[in-house]
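Please read this briefing alongside the sequence and the coordinates, which are shown just below. The notes are grouped by topic.

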Amino acid sequence: MMTSGSLQRRLVMGLTLAVALLWLLASLWATLALRHELDESFDESLASAARQLLSLTAHYAASDQAGAPVVVLPALRGARDDDDDDDEGFVFQVRGDAGQILLRSADANPGIFPNAPFAGFRETGDHRLYGLSTSGGLFIEVAEPLEHRREAMLEAATILALPLLLLLPLSLLGVWWFLRQSLRPLRAFRDEIEARGGSDLSPLQARAVPTELAPLVEAMNRLLERMQHALQAERSFTANSAHELRTPIAAALAQTQRLLAEAPEGALTERARQVERALRDLARLSEKLLQLAKAEGGGLLAEKRRDLLGFLDLLIEEFGGDGDRRPIRFDRPPGSALVSLMDADAFAILMRNLIENALKHGAPGRPIDVKILDGGRVSVANSGPVIPSERLSRLTGRFVRDASAVEGTGLGLAIAEAIVGATGGSLELLSPARGRQDGFEAIVTLV
């Protein structure tokens, strides 16, 4: 069955990536908003510095402005530059009414400022400038390096983005835990289906499934109901066929045997014997087909576990009473048991086919060994030639016979395989048998 991968894994990865993307988008939006606020704050600081500097430097410019030399004042530092003496702070210059430079800071580069005075904000490639004039004809220009603002924005963006490094793994774990808890009813529903036996077609009792899965549960219950009706019809047909097939075959066989008893020896008697053998083979084949139909039709599990060892005793006693059969050695350790949910009739059919198979294909004159093993296992072994592994794996197919001259229907092991498969057990075929150099062994594990 082809699958498209784990739904839980896809949901975890998708939701985690969605959370990370939303966080990045929120960080980007917050960064843009913060940039706007920082620009306003820096501009306000720049304008405030211009006003304060203009009032502080007014007395320097009170002297005769015409021909006065440029007064160089000490360099000023911005508030953000206390920890870094190498950073350039505010720089300024004061012009007279004729545009001449009267005052400037020591670190002011004349190339920063435009040739003509200006009022308000202006931005160059590296500086943000603000110009302010007074009624007395003085004009001050203050410049702040843009690097200050870039550093502030980089720090703010880093502060906003760093939590993502912690948020991403925490989101991954959180989404995984949440989805695992949310999908618990689905796993319980799956476990309920897996725990069912092959013949349990009762409605599913999924009481805590999510609303989205309720239609799926209803559809499966409708399918199980249709399958149950079909199986019931098949079982009814099997029961009726058993009666309808056995009666005419038994009547024909009885008439043939009576003909053999009354007819004189000759060609007619020989033909009657051939008809008798054919009718016996047909009777065995019909019996095997009915057993196979029962094995594949369900109803192989009982309502509760019970010990099937007593049924095996009766079956071996029945075979032992047949003088035409080789002896069966039954090894049952003291205190052994075969506790299983398998139906008693199904268990009898299973063991009968295994024992019949061993009796038919075993070496002449050699006994059959039936042994109770630990773990609810039964072994049936016989002597005989070793079966190659490539043929051994095909023996459970329908109408597959070993290469021996013994006649058979080729359905015994197929019936055994169908029964153990439908009840959740297993059938293991070995050749040579364990502890031997030859032979064949079938090991059944019951559940």
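Which residue forms a salt bridge with R436, and how far apart are the closest N and O atoms? The partner is D369, and the closest N and O atoms of the pair are 2.2 Å apart. This pair links distant parts of the chain, since R436 sits in the loop between β12 (426–430) and β13 (440–445) while D369 belongs to strand β10 (residues 368–373), 67 residues away. This is a predicted model, in which local features need pLDDT of at least 70 and side-chain atom pairs count only at pLDDT 80 or more, whereas totals for chains, interfaces and linings use all residues. Residues are numbered from 1 along each chain as its sequence is written, and side-chain values use heavy atoms, with hydrogens and water left out.

**Salt bridges**

- A search of the whole structure finds 18 salt bridges, a salt bridge being a side-chain nitrogen of Lys or Arg within 4 Å of a carboxyl oxygen of Asp or Glu.
- R436 is partly exposed at 23% relative accessibility, whereas D369 is buried with a relative accessible area of 15% (buried means under 20% relative accessible area, exposed over 50%, and partly exposed in between, with a 1.4 Å probe and protein chains only).
- E318 and R352 form a salt bridge whose closest N and O atoms are 2.9 Å apart; E318 lies in helix α6 (residues 309–320) and R352 in helix α7 (residues 344–361), so the pair ties together parts that are 34 residues apart in sequence.
- R258 and E262 form another salt bridge, with the closest N and O atoms 3.0 Å apart, and because these residues are four apart in helix α4 (residues 214–262), they are separated by about one helical turn.
- Both R258 and E262 are exposed, while E318 is partly exposed, with a relative accessible area of 46%.

**The network around R149**

- Salt bridges that share partners join D39, D43, E123, R128, E144 and R149 into one network.
- R149 is found in helix α2 (residues 146–182) and is buried, with a relative accessible area of 7%.
- The side chains of R149 and D43 are joined by a polar contact of 2.7 Å, where a polar contact is a pair of N or O atoms within 3.5 Å, one able to donate a hydrogen and the other to accept it within protein, and residues adjacent in sequence count only if both atoms are side-chain atoms.
- Leaving aside residues up to four places away in sequence, R149 touches D39, F42, D43, R128 and E144 (contact means heavy atoms within 4.5 Å).

**Strand β6 and its partners**

- Strand β6 (residues 139–145) is mostly covered, with seven of its seven residues buried; F139, E141, A143 and P145 point one way, and I140, V142 and E144 the other way.
- Strand β5 (residues 127–133) pairs with β6 in the antiparallel sense over seven bridges, and R128 has E144 as its bridge partner in β6 (two strands pair if DSSP finds at least two bridges between them).
- Strand β2 (residues 91–95) also runs antiparallel to β6, joined by five bridges, with Q93 opposite E141.
- The hairpin of β5 and β6 has five residues between the strands, and G137 there takes a positive phi near 95°.

**Helices**

- Helices (H or I, at least four residues) and strands (E, at least two) are DSSP runs, numbered from the N terminus.
- Helix α9 (residues 412–422) is mostly covered, with eight of its eleven residues buried, among them G412, L413 and I415.
- G424, which follows α9, has a positive phi near 85°.
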